[in-house]
Amino acid sequence: MNSTQTILTYNSWDDILQEEYHKEYFKKIIQFIKSEYKTKQICPEYQNVFRALKMTDYYDVKVLILGQDPYHGVNQAHGLCFSVANDVPAPPSLQNIFKELKNDLGIERTKNDLSDWARQGVLLLNAILTVEKDKPLSHKNIGWEKFTDRVIDLLNKRKEPVIFVLWGNYAKSKKHLITNKNHIIIEGAHPSPLSANRGFFGSKPFSKINTVLMKNGNNPIKW
């Protein structure tokens, strides 16, 4: 995996995705983004492009929360969907996630960095892993979707149940990739201010996730 060695720390994903790394489309993605990072401000920082996979090993995934592409503001994206560093103000979607968390479980979240979720088996994956600063979806169709669809496909092949959380129409468009009856899909409106009032607020996704985990004999997520 020479092309990605500097940005993807070795874990089970490395073995499982080995074939993907050698495909021509993936090599072209890496060539493209390396060029982009040299000439433009790209989010997240280069070493954080694959952070979601670094933090949540394939065999540790209990939950997949799927985003579309990284935050495009200065210092916002750090490789986990919906998450920002603790010293960065929470973007509106993250604020709404925290509002629903409090409404659902009574938890007052004080950290904007969701790394603690990732360490508990919540894969916080964007479908598109990079973006140019202030240009949302600027890296759409460079090949990331093919790569992350493969990530979803590989999780779909697992026997152990995975809870797939699909917020918004884009995430729901990936539902066809989840065909294994062992898995659970929780879908709803996106937490964006444009849609949160149309079904995200009041959907209680966090308690639903923990109910499923406990039913399957797993520890609940400490949100």
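Biologist: Which residues of α9 are buried?
Modeller: Pro205, Phe206, Ser207, Ile209, Asn210, Val212 and Leu213 are the buried residues of α9. This is a predicted model, in which local features need pLDDT of at least 70 and side-chain atom pairs count only at pLDDT 80 or more, while totals for chains, interfaces and linings use all residues. Residues are numbered from 1 along each chain as its sequence is written, and side-chain values use heavy atoms, with hydrogens and water left out.

Biologist: Why is asparagine 210 called buried?
Modeller: Buried means under 20% relative accessible area, exposed means over 50%, and partly exposed lies in between (1.4 Å probe, protein chains only). Asparagine 210 has a relative accessible area of 9%, so it is buried. It lies in helix α9, residues 205-215; a helix is a DSSP run of H or I with at least four residues, a strand a run of E with at least two, and both are numbered from the N terminus.

Biologist: What is asparagine 210 in contact with, leaving aside its neighbours within four places in sequence?
Modeller: Leu105, Pro220, Ile221 and Trp223 are in contact with asparagine 210, where contact means heavy atoms within 4.5 Å. The buried residues of α9 pack against β2, α5, α6 (115-119), β5 and β6. Just after the helix, glycine 217 has a positive phi of about 85 degrees.

Biologist: What makes β3 and β6 edge strands?
Modeller: Two strands pair if DSSP finds at least two bridges between them. The open sheet runs β3-β2-β5-β6, with parallel pairing, and β3 (122-126) and β6 (184-188) each pair on one side only. Neighbouring strands are turned by 20 degrees against each other on average, direction ignored. Such angles run from 0 to 180 degrees between N-to-C directions, with axes fitted to C-alpha atoms, for helices over the stretch in contact. Helix α7 (residues 144-156) packs on the sheet, touching β2 (63-67), β3 and β5, and its direction makes about 150 degrees with that of β3.

Biologist: How do you know that β2 and β3 pair?
Modeller: Five bridges join these parallel strands, and the definition asks for at least two, so they pair.

Biologist: What makes β3 mostly covered?
Modeller: Five of its five residues are buried. Val122, Leu124 and Asn126 point one way, and Leu123 and Leu125 the other.

Biologist: Why is a space called a pocket, not a cavity?
Modeller: On a 1 Å grid over the protein atoms alone, a cavity is a set of points where a 1.4 Å probe fits but cannot get out, whereas a pocket is an open set with protein on both sides within 12 Å along at least five of seven lines. The largest pocket has a volume of about 640 Å³; volume is the space filled by probe spheres set on the points, which are joined across faces, edges and corners.

Biologist: Which residues are closest to the centre of the largest pocket?
Modeller: Of its 34 lining residues, these are Gln68, Asp69, Phe82, Ser93 and His190; a lining residue has an atom within 4 Å of a point. The largest share of the lining, four residues, comes from α8.
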